[in-house]
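Please consider the structure shown below.

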Amino acid sequence: MIETSATRLLGQVFLLLLALVAQLVYAQPREELLLWHGYRGEERRALEQLLEDYNRNQPDARVKALAVPFGSFADKLSAALPRGQGPDLFIFGHDRIGGWARAGNTVAPVDDLVPARVLARFPPSLVEAMRFEGRLYGLPFNFKSTALIYNRALVRHAPETTDELLALARARTDRRRGRFGLAYSYTEPFFHGALLNSFGSGPFDADGRLALDSPGNVRSLEQLARWVREEGILPEEPNSTLVTNLFNQGRAAMVISGPWLLGEISEGIDYAVAPLPQNSESGRPLAPWVAVEGLFLSPWSGRQQAALGLMNYLTGERAALHMAMAGGQLPANLNAYTHPEVARDANTMAFRRQLETAVPIPNLPQMTLLWKPLEKALNKVVKGSASPAGELQRLQREIRRDVANLQAAGDRAGRPRSIPAWAWLGLALLALAALSPALRRRRRIAAAWREHRTAYVYILPAMLGMLLLVFFPLLYGFLLSFTDTTLLNENTPFLSRWQGLGNYASILGDWNFWYGEGAGRSINYDNFYWTLLVTICWTAGNVVLSVGLALVLALALDKPILGRTWFRLLLILPWAIPNYITALVWKGMFHPQFGVVNQALQVVGLAPVAWFDSVGASFMTGLVTNVWLSIPFMMVVILGGLQSIPRDLYEAARVEGAGRWCQFRAITLPLLKPVLVPAIILSVVWTFNMFNVIYLVSDGAPAGANDILITKAFRIGFEKYQYAYAAAYSMVILALLFAYAMWQMRVSRTLEAAR
Amino acid sequence: MARIEFRRVVKQYPDSPPTVPGLDLSVRDGEFMVLVGPSGCGKSTTLRMIAGLESVTAGELWIGDRLVNRVPPGERDVAMVFQNYALYPHMTVFENMAFGLRVRREPQAQIRTKVERAAETLGLTGLLGRRPGQLSGGQCQRVALGRAMVRDPQVFLFDEPLSNLDAELRVQMRGNIGRLHREFATTSVYVTHDQVEAMTLGQRIAILNGGELMQVGTPMELYGDPDNVFVAGFMGSPPMNIVAVQNLGRALRNAVLEVPLAGLEGLPGELLLGLRPEKLEYAAAAPAHWPRLRAAIEMVETLGAEMLVHLGEGDTRMVARLPGLRPLAAGETIELAFDPRAAYLFDADSQRRIRLSQPVESAEPAL
Ligand SMILES: Nc1ncnc2c1ncn2[C@@H]1O[C@H](COP(=O)(O)OP(=O)(O)OP(=O)(O)O)[C@@H](O)[C@H]1O
Ligand SMILES: [Mg+2]
C-alpha cells in the first residue's frame, strides 16, 4: 500500500521534473527582448525606469531586464551565449571583447548595423574601446575611470603636476600618527594604470604584442617604488577599504579612486574631484585606465532590429541624462554633459575631463591573463624584493609562455580530431568491467530490489542529487584534466582539446625548482613540489598546534576552576563566527601599519614585522589564523573525550602513587585516543584543503610562496584561465588525499587490532 | 602494619552541613574493621579520607605513627579496592597489577615475581595477557584485589567491593578476602551495606548513622548488647521488634502485652521495649511465669523450617520467628510468650539503652 503510493508519488515528481527540463531545453520563442545587466541599487533603478518608459512607447518591442549577480555575470555569459542561450543583449565591461570575439558565437559585430549618426554620440576613444581587430562589437554605454579626490580641508588646490603632488603629500604625511598625503590601491594594476600610461607605452605595443618590459613601463614602476619606499607618502598594504577609511577619517589628504568612492565618503568630509596631474617625470598627464561598459548584441538574437532599437534608445541623450542624474553614472554619450543640471556638478565634470587623458583598458584577450601576475609583480617591487626591470622582464617571459600555451590550444581547436580507436576500446572495456559484477549478481540485485523496494525508492532522490552534484562534476573534472581546455578554446568540441596525460606530466615532472642563475637565484614558488612541501608543512603545523593547544585548554577547563563555564563559552565563540570573517579580521590585525599585532609589538618595544613580506612570517599569519579557527572544535571534542574517562581511574592511580604527568601519560592520553584519532584525521583533511584562510589572510604572499595546493589550483583556473591544468591539479590533490585516507585507515585498523 | 586513628575528624563539603560531624574511631593494627550504615551515612567519605582522596576538614587522622592530614594519597602506603574495580581498560591484567609498582620504579624482575605470585594466589595466572574488557565481573574483582595485594601496603581499603557481583560469587569472594586477611593480617577497613558480609568478615564492626558513630564492637557485642535503638534495629534479620510501652511503675504495658518488672521507678512514663523475633515462643510450650502477648496475625512468611509471623494490634507491629510446625492463617489471634531477661529497654527520647539491675540486666546476650 505504502509502496505503491510512494512509487506513484515518485513517478509524478519525475514527470514534473521532465516537464521542467523540457521547458528549459525547448524554450518557446520569446516575444520579449531579454536584457542582462549586473547593476544594483540606484543604477538598477534608473535602468529599470528607462525600460519602463521604453516599453510604454514601444508596445511591440517589449524589453525584460534581468539583474545577474555581478560575481557570476561573466561566467553566466560565457556559459550561455556560445550555446545559443542567454539574452538578446547585455551590458558588460569592454575588456572581454577580445576573448569573446576569438571564442566566436558570443557577441555579434555591429559595424554594419549602427549608423554613423549614432556613433557620433561618443568620443572616439570610447568607440575605439569597442573595436577588436577592426570590427565594432558594441555601443559604449558609460565609463568609469579614476581621478584625484582630495580633502578640501587639507588641500586648497588640486596639484597640477606630480612634483606639486609630491610636495603637498610630503607636507601632509605623518607616518607616526597614521596620516598620509596620498592613498590609493597602488598594487592593483587597474590603479597603477595612471602611472603606467603616463609613459606612453602600456602593456602591449602598437601591434598588440606583449611589451611588459618596455622602458616606459619600467620607469613607471621605478617611480611608484620611489613614492612608496623613499618618499613614504603612501600607506603600506593598501586596499580599497583602507583607502576609504583613511579618507573618511581625514587621514588621507588625497586619494586616487573612481566615482564609486563618492557614495561612501562621510558627511563631514569636504571633498572635491580633479583630473590627475601632469607627470613631471614623463612630461605627460597621468592617464588612468578607463573601463567602458557597453551594450552588446547576442549573435543568436532573433530580433536584432528590435535589439538595435533598444541600443539606440539607451545610448540616446534622454537616456544618458537619466542614467547620469538618477543612476549616478558617467554616460558615454557626451551630449549629456552639456545639460545644465549635469554641467553644474563639478565632480561629475571632473571625471568627464579626466576622460580626455584616460586610456581604455586594452580589450585584447591576453589582458585577462595580466591582472593577477602584474599585481604580484607590483607587490614585489614596492616591497623591494625585486627590481622593476628584472621583475618586468621575468613577467614578460612568464606571460608570453602562458599566452603561447593558450594560443596553441586555441589554434589546435580549429582542427577537428577523430576519436582514436583505443579510446573506444578502453571505454567499452571499462563499461564491461563496471557491468560484469552487476550481471553476475543480477539475481541478488533483483531480489534485493524486490525486498527493499521502499527503501530504494526513498534513497533514490538523494542518489540522484549525489549523481548530479558530486559524481557528475567529479567525472567532468576528471575528463577535463586530460584536455588542454583554457579560456580561449573552451567552446570548441571536447575531443579537439584532448591531449592525454600532458597536464599530469607537466605538473609532476616540473623540475624547475629555481629561477635565475648564481647569486640572483631564487626558489620557483610555482613549482608543484614547493607547493606540496608548503601544504604538508601547513597541514602538519596546524594539526600539531591546534591539537596540542586544544588539549592543554581542554585539560585546564576539565578541572573545576572558577568561571569555567564562561571560559568554555569564550573559547567556543570563534566557532560561531563564519570563518571568512575571522580570517579577514586576522588579516586586518596583521596589517603592517595599522594592524594591532604590530602596534602591540611596538608597545612592548619590539620592531614591527612586515608580515606578508617574507615566507616565514607570512606562513605564520595563516598558521595563527587557522589554529585560532580550529581550536574550538578540537577543544569540544577533547573535552567530550575527557568527560568520558571514569574519575575513579584517576583516584586509583593517585592511591598507587602516580603523579599528574604520569596520570596524563598512563590514563588520559591512551583513553583519549578513540576521540583524538578521528579528530586528527578530520583536521588533516580540512586543513589540507583550507582555502579560505590562505586566500583571505596571506593570499599566498609573498609571490605565491605560501599558496597551498588548493589555492594554487584556484589561481591556475581562475587567474590564468588554464581550466584543464587546474582540473589536473585538483585530481592530483584528490589522489593525495585519497592515498592519505587509505593509509590512515590501515593505521587505525592496526591500532584497533592492537586493542 | 599500622593502626588507624580518627581524632575528632570533621568532613564538610562546601555549601552543605557536615557529612561527618566529628568522628572518633581507632582501627587496631592488623584488624579487619567493617564500616556499615544506611546509604549516605558517610561510609565512603570516611574511607576516602583514609585513602587521601578526600581532605580532612578538621581533626586529626593518624596512620601508624604519622599524622596524614596533609600527606598525598600516593605516600600513605594504602591500597584501595573500588566498587567498580577501576581497572585501566587499555592495559592488560599484568600491566594493571604492575602499574603501582612501576610508578614506584621497582626493578622489572621483582615486579614480575610479585605480580605472578599474586596472580597465582588469586587464580589469575592464565589471564595475565587479557584486557579488562575480556574478563568477567568476578575476574575483574580478583584483578582489582591483586592490584592492591602486590603493593603489600600498610592498610587495605575496600569500598563495597562485592556489591556488583551475584550472590554466589559474593560468598566465594568473601571467603577469598577473609582468607587473605588471615594470611597477611594487614590492617583493613571494609565498607559494606550487607549485614552478612559485615558479620562474617569483620573482627569489629563500626556502625555509622548520619556521620555519627553509633557503636563499635565485635559482631556478637553489637548483636547481643546494642547501645541504642539504631544499632538494635540495624543488626539481625529480621531486625529487633521495638514497641512503645507505658511504664506503670511495676510493669510495662501496651495493647498486646504486659511485663511485670522491678526497678522501673524513676524512669520516664514512655519507654521502648525491644524483643528479637527469635526470642518469641508459642505460649503453650513456654514456662508459666514468662509474660504473654496476644495479637492478630497479619501475614505469614514461610521459610521452610521456620516462618516469620507478622503481628499487628492497634499501633503495635511485631514479627516473630517461629518453628514452621503449625499452619497459621492471617486473621487468627495467637498467644506468644518470651523470657523477660531477653527484653531490651530504651529511652523513648534519647533512643539510648536503659540497663536495669533486675531482672533485664541479667539477660544473657541472646543466641
Ligand atoms: N562531593 C560532595 N559534595 C557534597 N556532598 C557530598 C559529596 N560527596 C558526598 N557527599 C554527601 O556526603 C554524604 C555521604 O556520602 P558517602 O558517599 O560517604 O555515603 P555512603 O555512606 O558511602 O553511601 P552509600 O552506601 O550509598 O555508598 C552524602 O549525603 C552525600 O550526598
Ligand atoms: Mg559509598
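The model is predicted. Its largest nonpolar core has 136 residues, and 52 salt bridges are found over all chains.

**Nonpolar cores**
- Within the core of 136 residues, A:Leu182 and A:Tyr184 have the most contacts.
- Helix H12 (residues 304-314) of chain A gives the most to this core, contributing 7 residues.
- Because domain 1 (25-142 + 293-342) and domain 2 (147-287 + 362-408) of chain A both supply residues to this core, it lies between them.
- Leaving aside neighbours within four places in sequence, A:Tyr184 is in contact with residues including A:Phe191, A:Leu195, A:Trp227 and A:Ile256.
- Apart from this core lies another, of 63 residues, and among them are A:Leu649, A:Leu672, B:Val56 and B:Phe99.

**Helix H4 of chain B**
- Helix H4 of chain B (residues 137-150) has 14 residues and reaches 20 Å from its first C-alpha to its last, close to the 20 Å expected.
- This helix is mostly covered, with 12 of its 14 residues buried; among them are B:Gln139, B:Val143, B:Arg147 and B:Met149.
- The buried residues of H4(B) pack against helix H27 (647-655) of chain A, as well as against elements of chain B including helix H2 (93-103), helix H3 (108-122) and helix H5 (167-184).
- B:Asp152, which follows H4(B), has a positive phi, near 50°.

**Annotated region of chain B**
- An unreviewed UniProt entry annotates residues 4-235 of chain B as "domain: ABC transporter".
- Over residues 4-235, chain B is 37% helix and 24% strand, and the end C-alpha atoms are 25 Å apart.

**Salt bridges**
- A:Lys144 and A:Glu43 form a salt bridge (3.6 Å, N to O). The pair links strand S6 (residues 138-145) and helix H2 (residues 41-57) of chain A, 101 residues apart.
- A:Lys144 counts as partly exposed at 26% relative accessibility, whereas A:Glu43 is buried at 18%.
- A:Glu133 and A:Arg102 form a salt bridge, with their closest N and O atoms 3.0 Å apart. A:Glu133 is exposed, with a relative accessible area of 60%, and A:Arg102 is partly exposed, with 37%.
- B:Arg321 meets B:Glu306 in a salt bridge (2.9 Å, N to O). Because B:Arg321 lies in strand S18 and B:Glu306 in strand S17 of chain B, the pair ties together parts 15 residues apart in sequence.
- A network of salt bridges links A:Lys372, A:Glu375, A:Asp699, A:Asp707, A:Arg715 and A:Glu719.

Technical notes. Residues numbered from 1 in each chain as written. Chains lettered and ligands numbered in written order. Predicted model: local features only at pLDDT ≥ 70, side-chain atom pairs only at ≥ 80, totals over all residues. Heavy atoms only, no water. Helix = DSSP H or I, 4+ residues; strand = E, 2+ residues; numbered from the N terminus. Expected span 1.5 Å × (residues − 1). Buried < 20%, exposed > 50% of the residue type's maximum accessible area, 1.4 Å probe, protein only. Contact = heavy atoms within 4.5 Å. Core = buried A, V, L, I, M, F, W, Y, C linked by side-chain atoms within 4.5 Å. Domains from an automatic or database assignment. UniProt positions renumbered as here; feature names shortened; annotations may be inferred. Salt bridge = Lys/Arg side-chain N within 4 Å of Asp/Glu carboxyl O.
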